[in-house]
Amino acid sequence: MRTRSFSVISALAGSTLLLLLPLAPTALAATGTTEAGNALKEGPVYVAPEARGQLSRADQDALAKKIKDADKPLFVAVLPRNEEFPPETVRRNLRNATGVTGVYAVRLGDGFEAGADPRALPHRSLRNLVAAAKTPAGLDAATQLSTFVDQTLPQVKGHAPASWGGGTDDGVNTGALVGVGAVVLVAGAGGYALVRRNRARKEAERLEALRKLTVVVDEDITAYGEELDRLDFHPAEPGATDTMRTDYERALDLYETAKSRMASVREPNDVRGVTEALEDGRYALAVLDARRSGRPVPERRSPCFFDPRHGPSVTDATWTPPGGGAREVPVCAADATRLADGRDPAVRTVDTADGRRPYYDAGPAYGPWAGGYFGGGMLPGLLMGTMLGSMLATPAYASDYGAGTGFDTAGSGFEGGDVSGSDFDPSAFGGGDFGGGDFGGGGDFGGGGDFGGGSF
């Protein structure tokens, strides 16, 4: 009887093996991504065994510590270029394997790319961050990933997934747990008091940041309204065209959007959505003004670095802040002339405890305000050597103020760090050219973005 049962089981096992054989290539391709996804559920950085020569254990641990300290859903994978990680699907597969809403940075061979659920990071910010991390070309993995992580953490919305907190090993001694519990009970009162003090301090800092931001953003909204009045466009005026009327309607709509978003601000980083609307509106006004004057439509450029109220920039100029190095910044025509003549530009100043100071030397509270105008990846390079620039590059800033605009309605509705499973747009993960060590442009995991082509 036992022999007969064994024969039946053997036959069934053999049949099952035969049925599975045609699936072997697919299973092989999925093995590496599954392993990487499982590892990323437990921690923010994964280095495949075949890619360990790219990133040392010390560098891996340093990256993981930065991300955990910032409490942000940022995932980093260092992978080899082989059949286990197909270029056209590796990002989609990783996101699907973890099932967690967040930002995913992938170093595949010597190529680099990143993607993000829009709820965790808007696609425009991601595009800038990816471009910044790829400059200059040929960076080693440690430098490139560290640069991307430092610049991205302050802008990611949400918290690290709960699974990174770890659990209890099966082999932990019960007596040891009892001892640890006793120590926790003894120190509990003091620890609770410390936590309350830290929370109170952070809440006070948050409210103060909101107060400062409210002042400058209200000034910006007022200035925008005055610019609308100065333009004095009437849809029925002689020479007005449908295109001009469309530009004007868009400018008016963005004015109302900025005011509505400002009324809804609850967190410091919510103001980013306000200044993004104002930037879009000022460009619409510049386009309308050019059409009325018979001039060519201006190129879409960043606002003037020295004061976004000056409107879109027209060129780049070399500028050296006190104590810093020279860099190229976008400037309006008036400031370009001032710099060419050896004069100081007309810099936006804000109130500080030491009097009026340029916004970039007035502290970290103004990061969200500037981020809405200039996009995430541009800021570190523009502000390098200034007080705000140094703060933007620290995980502490990300932890204290969070990031990402609260007005991005794209995506599934899951916040960064939430387990959303396969509830995302898989078509946005495809494409991509890994030739020459380049994945292609930044991508978007949630509708409308293309991880490979950089199309937004």
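A pocket is an open set of points on a 1 Å grid over the protein atoms alone, with protein on both sides within 12 Å along at least five of seven lines. Its volume is the space filled by probe spheres set on the points, which are joined across faces, edges and corners. Lining residues have an atom within 4 Å of a point. The second largest pocket is lined by 19 residues, of which Glu-227, Ala-286, Asp-289, His-310 and Pro-312 are the closest to its centre. Helix 7 (174-231) and helix 9 are the elements that give two or more residues to this lining. The largest share, five residues, comes from helix 9. Helices (H or I, at least four residues) and strands (E, at least two) are DSSP runs, numbered from the N terminus. By class, the pocket lining has nine nonpolar, three polar and seven charged residues. Ala, Val, Leu, Ile, Met, Phe, Trp, Tyr, Cys and Pro count as nonpolar, Asp, Glu, Lys and Arg as charged, and the others, Gly among them, as polar.

The structure is a predicted model: local features need pLDDT of at least 70, side-chain atom pairs count only at pLDDT 80 or more, and totals for chains, interfaces and linings use all residues. Residues are numbered from 1 along each chain as its sequence is written, and side-chain values use heavy atoms, without hydrogens and water. The chain has a mean pLDDT (the predictor's confidence in each residue, from 0 to 100) of 77, and 70% of its residues reach 70 or more.

Two cavities of 30 Å³ or more were counted. A cavity is a set of grid points where a 1.4 Å probe fits but cannot get out. The second largest cavity holds about 50 Å³. Its lining includes Glu-279, Arg-282, Tyr-283, Arg-300 and Tyr-373. Helix 9 (residues 271-293) gives the largest share of this lining, three residues. Five residues of the cavity lining are nonpolar, two polar and four charged.

Four strands form an open sheet in the order 1-2-3-4, with mixed pairing. Strand 1 (45-47) and strand 4 (111-116) are the edge strands, each pairing on one side only. Two strands pair if DSSP finds at least two bridges between them. Strand 1 runs parallel to strand 2 (residues 74-79), and three bridges join them. Tyr-46 has Ala-77 in strand 2 as its bridge partner. Helix 4 (residues 90-98) packs on the sheet, touching strand 2, strand 3 (103-108) and strand 4. Contact means heavy atoms within 4.5 Å. The direction of helix 4 makes about 135° with that of strand 3. Angles run from 0 to 180 degrees between N-to-C directions, with axes fitted to C-alpha atoms, for helices over the stretch in contact. Helix 6 (residues 141-152) also packs on the sheet and touches strand 2, strand 3 and strand 4. Its direction makes about 170° with that of strand 3.
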